[in-house]
Amino acid sequence: MDTARRDEDGAIGDAMVVAEVLAGHRELFRALVERYQGRVYGMVAHLVGDRELARDVAQDAFLSAFRGLASFDPSRPFAPWLFKIAQRSAFTALRRVRGRRETPDADLVADRASVEGHADAVVDREATRQASGDLVGLVAALDPKYRSAVLLRHREGLSLAETAEALEIPLGTVKSRLHEAYRILRARLGGEGRP
Amino acid sequence: MTDDGTWTQERLEEALAGLPYPAPPPDLADAIMASVLAAPAPAPRPAADAPHSSFFERLASLFRSPGLLLPVGAAALLLVGLSSHLLTRPSGPVPTAPVVARVDVPTLPAADFPLVVASVAGPLAVGDSLTAWPGAPDLVTVGSRTRARLASGASVRVATWGLVVQAGRVAFEVEAGDEPVEVGCPAGRVVVLGTRFTLDVAPSGATTLTVDEGRVRFEGAEGTVLEVTSFDGPAVAAPGVPPRLRASMSRLEADVPPPSPARPARVATDPTLEEPFGP
């Protein structure tokens with residue numbers, strides 16, 4: 001799809017907005033913020049499990065996107081590119097919070113899997129309490145690497161290739177993570193799972 | 001979810017697609033834009049119409065740069081001039097006559113005429129004289145078709161039109177060709193189209209011509225012409241004496257001295273030497 005043209009709602013395409021921003025009209029970046037803030041904030045909130053932290057992460061993600069706007073390929077969709085930045089910011093925030101609360105001297109470049117414990121700790125308490133019968137809670141209880149794959153693939157509707165690009169992992173890894181996420185969710189939903 | 005309460009893959013994916021998101025804070029967009037407007041402007045994207053994708057485009061861009069125009073242009077002109085010079089300059093002295101070169105053949109058997117030139121010791125200029133060292137016969141090439149082997153003590157001189165045998169025994173091998181090859185001697189000159197022959201010049205100038213293969217024309221200085229073949233035996237001539245076959249020149253035969261004594265070899269330039277014949 002040519003994102004430089006107006007979409008079905010008549011809105012100016014993402015690529016055209018990006019071109020205008022790069023041309024010096026930075027105030028037009030607001031169009032991209034208002035268009036994607038809900039999806040970015042929601043995804044980040046699911047990843048970090050904390051609304052206040054999600055707000056900071058979303059703000060940092062949009063600012064990083066603005067700074068690196070020249071690296072965006074206008075021939076490709078804008079959303080996967082933005083989600084890659086957002087999930088990168090989310091995992092960075094999770095590592096930072098984990099290091100501050102649990103292991104102050106821990107290596108901040110630890111593997112993403114190492115943030116699993118903290119994600120479980122800071123996830124919304126109310127959602128956690130309802131995890132046994134609530135899909136939201138079950139997703140929040142997933143390992144962040146599975147959670148991010150599920151959110152991008154199904155909630156954001158990215159293709160497998162786009163999901164792999166956003167997560168910066170091979171396509172096969174995306175498939176295996178999704179497969180594992182399905183298995184965990186099915187097991188936890190079990191007989192008592194109700195959507 | 002099926003009727004028995006289990007989750008199918010399709011139902012699970014459908015539920016995940018409808019996963020509710022929390023609403024963003026109402027001031028989130030303003031906060032983001034505040035940080036965006038305070039941040040430095042993003043770096044501009046490289047122009048798509050100036051990719052500099054090829055060497056020639058990059059080279060052309062150098063010429064478009066005013067600061068580099070002069071040095072790059074000068075370097076290009078110098079390069080073109082140097083290339084033109086290297087491609088067009090002659091590989092040696094510009095010949096006004098057949099190239100005569102001395103060839104080192106230290107192991108040349110006396111009985112065999114060398115058909116393979118081993119190496120060229122150096123070109124000889126018009127007017128140069130060459131005398132073979134005793135025991136070390138010289139080989140001289142004239143153009144691309146003529147080889148001349150100088151016996152010890154033999155002496156030749158380079159004329160504008162070829163080689164002149166001044167003294168001693170010199171064997172020639174001339175490859176067949178369209179243009180005649182001339183070899184001078186005090187008694188005249190030998191014109192050949194391709195053959196093997198020997199000229200033996202006595203100190204008095206008396207010359208003995210022996211044709212080993214083919215046919216030559218022996219032209220006396222006074223204008224007499226004698227055709228000599230390999231079946232005719234030696235022909236003799238002397239300054240002022242027209243060439244004759246030895247069989248009919250018994251008087252001259254006695255005048256032809258034995259081969260020249262060995263003399264030190266030397267290469268000398270003597271511009272005062274006169275050509276036996278004009279070009």
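**Surroundings of Thr207(B).** The side chain of Thr207(B) places a polar atom 3.1 Å from the backbone oxygen of Gly205(B). (A polar contact is a pair of N or O atoms within 3.5 Å; within protein, one must be able to donate a hydrogen and the other to accept it, and residues adjacent in sequence count only if both atoms are side-chain atoms.) The model is predicted: local features need pLDDT of at least 70, side-chain atom pairs count only at pLDDT 80 or more, and totals for chains, interfaces and linings use all residues; side-chain values use heavy atoms, with hydrogens and water left out. Residues are numbered from 1 along each chain as its sequence is written, while chains are lettered from A and ligands numbered from 1 in the order in which they are written. Thr207(B) belongs to strand S11 (residues 207–213) of chain B; helices (H or I, at least four residues) and strands (E, at least two) are DSSP runs, numbered from the N terminus. Thr207(B) has a relative accessible area of 0% and is therefore buried, where buried means under 20% relative accessible area, exposed over 50%, and partly exposed in between (1.4 Å probe, protein chains only). Beyond its neighbours within four places in sequence, the residues in contact with Thr207(B) include Cys185(B), Leu199(B), Val201(B), Phe218(B) and Val236(B); contact means heavy atoms within 4.5 Å.

**The interface joins 44 residues of chain A to 36 residues of chain B.** The size of an interface is often given as the accessible area lost when the parts come together. Here buried area is the accessible area (1.4 Å probe) that two parts lose on being put together, summed over both. Between chain A and chain B it is about 3,700 Å², with carbon and sulfur atoms giving 67%. Arg26(A), Arg55(A) and Arg155(A) supply 17% of the area that chain A buries against chain B, more than any other three residues.

**Charged and polar pairs cross the interface of chain A and chain B.** Two salt bridges are counted between chain A and chain B, a salt bridge being a side-chain nitrogen of Lys or Arg within 4 Å of a carboxyl oxygen of Asp or Glu. Arg30(A) and Asp30(B) meet through their side chains in a salt bridge (3.1 Å, N to O). On chain A, helices H1 (14–22), H2 (29–48), H3 (51–67), H7 (135–141), H8 (144–155) and H10 (171–189) each supply at least two residues of the side that touches chain B. H2(A) gives the most to this side of chain A, with twelve residues. The residues of the side of chain A that touches chain B comprise 24 nonpolar, eight polar and twelve charged. In this division, Ala, Val, Leu, Ile, Met, Phe, Trp, Tyr, Cys and Pro count as nonpolar, Asp, Glu, Lys and Arg as charged, and the others, Gly among them, as polar.

**Helix H2(A) is kinked at Tyr36(A).** The kink, centred on Tyr36(A), is about 55 degrees; the bend at a residue is the angle between axes fitted to the seven residues ending there and the seven starting there. Of the 20 residues of H2(A), 14 are buried, and the helix is mostly covered.

**A salt bridge joins Asp14(A) and Arg35(A).** Their side chains meet at 2.4 Å, N to O. The pair links distant parts of the chain, with Asp14(A) in helix H1 and Arg35(A) in helix H2 of chain A, 21 residues apart. Asp14(A) is buried at 7% relative accessibility, whereas Arg35(A) is partly exposed at 30%.

**Glu165(A) forms a salt bridge with Arg76(A).** The closest N and O atoms of Glu165(A) and Arg76(A) are 3.0 Å apart. Glu165(A) lies in helix H9 and Arg76(A) in the loop between H3 and helix H4 (78–101) of chain A, so the pair ties together parts 89 residues apart in sequence. Both residues count as partly exposed, Glu165(A) at 33% relative accessibility and Arg76(A) at 41%.

**Glu168(A) has a positive phi.** Most residues other than glycine have a negative phi. Glu168(A), although not a glycine, has a phi of about 60 degrees. Glu168(A) is placed in the loop between helix H9 (160–167) and H10 of chain A, and is partly exposed, with a relative accessible area of 42%.

**A network of salt bridges links Glu182(B), Arg189(B), Arg217(B) and Glu219(B).** Within it, the closest N and O atoms of Glu219(B) and Arg189(B) are 2.9 Å apart. This pair links distant parts of the chain: Glu219(B) is in strand S12 (residues 215–220) and Arg189(B) in strand S9 (residues 188–192) of chain B, 30 residues apart. Glu219(B) is buried at 14% relative accessibility, and Arg189(B) is buried at 17%. Over all chains, the structure holds 15 salt bridges.
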